[in-house]
Amino acid sequence: MKSLIDILDLTTDELDELIACAEDIIANPDKYAEACRGKKLATLFFEPSTRTRMSFEAAMYELGGNVISVTGAASSSAAKGESVADTAKTVSCYTDIIAIRHPKEGAALVTANNASVPVINAGDGGHCHPTQTLADLLTIWREKGRFTNLTIGVCGDLKFGRTVHSLINAMSRYEGNNFVLISPEELKVPSYVKKDVLQQKGIPYEQTTDLMAVMPKLDILYMTRVQRERFFNEEDYLRLKDSYILTTDKLKAAKPDLAVMHPLPRVNEISVAVDDDPRACYFKQVLNGKYMRMALILKLLREAGKIK
Ligand code: CP
């Protein structure tokens with residue numbers, strides 16, 4: 001039973017296949033309107049979400065399927081102490097595929113190991129968020145036309161920002177890319193990402209606290225929110241939360257074809273005025289996420305023999 005827990009569960013050929021499918025869905029939505037008729041997606045969200053949960057649900061409805069859901073641990077038997085493993089076994093009795101978001105790293109893997117249907121990791125703690133990366137990849141593909149030879153700046157909370165960890169993993173598989181890791185000292189990329197991904201693969205990278213010093217060379221600037229929910233104390237969060245605020249003035253130093261990305265939600269990291277800059281891609285990422293989740297649901301249900 002194939003599940004998607006980490007972006008590396010997909011080969012680069014499979015990523016190409018998902019992007020081609022998403023492009024076909026965009027061009028020919030009617031062709032897919034009945035593809036999942038009679039099938040159910042369970043969205044189990046034990047952490048807050050707007051984009052991921054709603055885009056999964058919109059994706060399944062646009063494929064002609066149905067959705068059952070848990071929103072918040074308080075509304076499920078997790079509140080009574082039920083384990084993630086038992087929840088997975090139980091929900092498998094009701095659905096054809098599961099998308100789970102959970103505050104604990106590894107919870108999606110435990111779900112996949114205990115479910116009898118495909119499982120999609122919709123974000124596990126500070127670990128990874130592979131379907132956000134699918135949205136990011138379609139956005140990069142549509143904006144830049146390639147996955148190679150890019151200077152990719154990631155900025156903000158690189159310690160707890162799970163979307164950054166998945167993006168670095170994904171883009172490290174393509175030729176000629178290099179990373180500029182921009183964060184306060186306290187929020188640097190975890191050493192396991194640097195050692196096991198960047199250093200092991202010999203990917204060039206630099207670490208800096210100074211966004212403006214590196215702005216002119218970036219092809220992509222991936223801004224992130226400081227993850228308040230993962231801090232141990234509020235004082236540190238308040239001190240670090242506004243470390244980087246992208247403004248229209250700061251963008252004057254950037255390339256004319258920079259792609260400004262953000263997984264959203266934003267708090268203060270990008271000034272609202274930047275939304276009108278043609279280089280702002282973050283609301284395109286939101287829409288691209290729905291198409292890539294449609295392509296992923298189709299792929300996993302086909303591989304499980306549940307649809308043709
Ligand atoms: N990008 C993202 O995961 O957004 P949500 O938390 O709203 O799902």
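This is a predicted model: local features need pLDDT of at least 70, side-chain atom pairs count only at pLDDT 80 or more; totals for chains, interfaces and linings use all residues.
**Entry 1: the four-stranded sheet**

I began with the sheet of 4 strands. I read its order as β2-β1-β3-β4. The sheet is open, and its pairing is parallel. Next I asked which strands stand at the edges. They are β2 (66-71) and β4 (119-124). Each has a single partner strand, so one side of each is left without a neighbour in the sheet. On average it is 10°, with direction ignored.

β3 covers residues 97-102. It pairs with β4 in the parallel sense, over 4 bridges. I picked out His102 and looked for its bridge partner in β4. That partner is Asp124.

**Entry 2: helices on this sheet**

Which strands does helix α2 touch? I found contacts with β1 (40-45), β2, β3 and β4. Helix α2 spans residues 51-62 and packs on the sheet. Its direction makes about 175° with that of β1.

I checked helix α3 too, at residues 84-92. It lies across β1 and β3. To β3 it runs at about 155°.

**Entry 3: the five-stranded sheet**

I moved on to the sheet of 5 strands. Its order is β7-β6-β5-β8-β9. This sheet is open, with parallel pairing. The edge strands are β7 (205-208) and β9 (259-261), and each pairs on one side only. Neighbouring strands here are turned by 15° against each other on average, direction ignored.

How many bridges join β8 to β9? I noted 3, between strands that run parallel. Strand β8 holds residues 220-223. I looked up Ile220 and found Ala259 as its bridge partner in β9.

Helix α7 was my next stop, at residues 191-199. It lies across β6 (178-182) and β7. I read its angle to β7 as about 155°.

**Entry 4: cysteines**

I reminded myself what to look for. A disulfide is a covalent bond between the sulfur atoms of two cysteines. The cut-off is 2.5 Å between the sulfurs. I then looked up the count, which comes to 0 disulfides.

Is Cys36 buried or exposed? Its relative accessibility is 0%, so I wrote it down as buried. I looked at Cys128 as well. At 3% relative accessibility, Cys128 also counts as buried. The limit for buried is under 20%.

Note on methods:
Residues are numbered from 1 along each chain as its sequence is written. Side-chain values use heavy atoms; hydrogens and water are left out. Two strands pair if DSSP finds at least two bridges between them. Helices (H or I, at least four residues) and strands (E, at least two) are DSSP runs, numbered from the N terminus. Axes are lines fitted to C-alpha atoms, for helices over the stretch in contact, and angles run from 0 to 180 degrees between N-to-C directions. Contact means heavy atoms within 4.5 Å. Buried means under 20% relative accessible area, exposed over 50%, partly exposed in between (1.4 Å probe, protein chains only).
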